[in-house]
Amino acid sequence: MRKYFKIRYEFDREQVLKKIADQVAAQKPDYVCVADGVILNIANRNDSYLDVINSGMFCICDSSYVPLYVRLLYGERYEQYCGSQIFHDIVTSGNYKMAFLGASREVLNGLRKELSSMNREVKSMLFHELPFMDVNDFDYPAIAKMLEEDGADIIWIALGAPKQEIFMNKLRPHLKKGVMIAVGAAFKFYCGLDVKRAPQWMVKNHLEFVHRLCCEPKKQSRRCYWIVKTLPRLLYEEWRRKHTSSSYTSNIVDDQRQVKCK
């Protein structure tokens, strides 16, 4: 696990699932962020939000472009592991008791029905609609008490970024156990209400943003604007960090060699 663009990414899918399993087994509360281009952009413009992102277990990479940037700058090859995929992997594994928080009652009802065909145990699990309010106004002790009584191992959160990440950070101190994972639009993708992820050919060719832009032009156009506007600075700053880190590492190696020579 390393930092790229200031974010602590875990790219290895097996390690992601293993670390989550270990945390559940330890019965300690924590959270995982699913970092797409929007989260990457906001985190690099807002230090307090960056702290929230990096205060969890790690982030998985929900952007197909970040692996391209890392390959360009570092020559290292990684793959995207998106929120809808980790959602599918964990739900279908049948290994955990889960709770689903966020979205509308209509979405949650559809989600329960669709997921029950993938995992029969889902039908009896907790699906809780959260009220629409500022992230600071939730009754976190009451939500934690509800989750404690339910006994969920995995707690799925769908409130949209940046709200859902801040929500997890604020809820964690009140929990006794449970790994929270913020999955954004995954609830809608799996609820059977005709909200679909982009076709695979678009995903493979890094064009998923076009699909989202067509589906939600007002919301996504604003996000795309900020991503495009800040991308040159983002790449430049990462390039500088890379060379500063390389120089620092080289100096340490040179000093160690000189000590050995003496």
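This is a predicted model: local features need pLDDT of at least 70, side-chain atom pairs count only at pLDDT 80 or more; totals for chains, interfaces and linings use all residues.
**Entry 1: helix α6**

I started with helix α6, where Val107, Leu108, Gly110, Leu111, Leu115 and Ser116 are buried. Buried here means under 20% relative accessible area, exposed means over 50%, and partly exposed is in between (1.4 Å probe, protein chains only). Residues are numbered from 1 along each chain as its sequence is written, and side-chain values use heavy atoms, with hydrogens and water left out.

How far does α6 reach from its first C-alpha to its last? Helix α6 covers residues 105–116, twelve residues, and spans 16 Å, close to the 16 Å expected at 1.5 Å a residue. The expected span is 1.5 Å times one less than the number of residues.

Next I looked up the partners of α6. Its buried residues pack against α5 (83–93), β5 (98–102), β6 (126–128) and α9 (186–189). Contact means heavy atoms within 4.5 Å.

**Entry 2: the whole protein**

I then stepped back and found twelve helices and eight strands. These are DSSP runs numbered from the N terminus: helices are H or I with at least four residues, strands are E with at least two. Of the 262 residues, 44% count as buried. Among contacts between residues at least 6 apart in sequence, 74% join residues at least 24 apart.

**Entry 3: the cores**

Which residues have the most contacts inside the largest nonpolar core? I noted Phe5, Tyr9, Leu101, Ile143, Leu147, Phe167 and Leu171, in a core of 45 residues. Apart from this core lies another, of 32 residues, and Leu108 of my first entry is among them, as are Ile20, Met98 and Phe187. A nonpolar core is a set of buried Ala, Val, Leu, Ile, Met, Phe, Trp, Tyr and Cys residues joined through side-chain atoms within 4.5 Å.

Phe5 sits in the loop between β1 (2–4) and β2 (7–9). Is Phe5 buried or exposed? It is buried, with a relative accessible area of 0%.

Most residues other than glycine have a negative phi, and most peptide bonds are trans. Gln27 is also not a glycine, and its phi is positive, near 55°; Gln27 lies in the loop between α1 (13–26) and β3 (30–35).

Where is the cis peptide bond that I noted? It runs from Ala161 to Pro162, with omega near 5°. Pro162 is placed in the loop between β7 (154–158) and α8 (163–171).

**Entry 4: Asn54**

Asn54 lies in helix α3 (residues 47–54) and is buried, with a relative accessible area of 16%. Not counting residues up to four places away in sequence, Asn54 touches Lys3, Lys6, Ile7 and Arg8.

**Entry 5: a cavity**

My search of the whole structure gave one cavity of 30 Å³ or more. The largest cavity holds about 50 Å³ of space. On a 1 Å grid over the protein atoms alone, a cavity is a set of points where a 1.4 Å probe fits but cannot get out, and lining residues have an atom within 4 Å of a point. Its lining includes Leu147, Glu148, His174 and Lys177. Helix α7 (residues 140–150) gives the most to this lining, with three residues.

Methods
On a 1 Å grid over the protein atoms alone, a cavity is a set of points where a 1.4 Å probe fits but cannot get out, and a pocket is an open set with protein on both sides within 12 Å along at least five of seven lines; lining residues have an atom within 4 Å of a point. Grid points are joined across faces, edges and corners, and a volume is the space filled by probe spheres set on the points.
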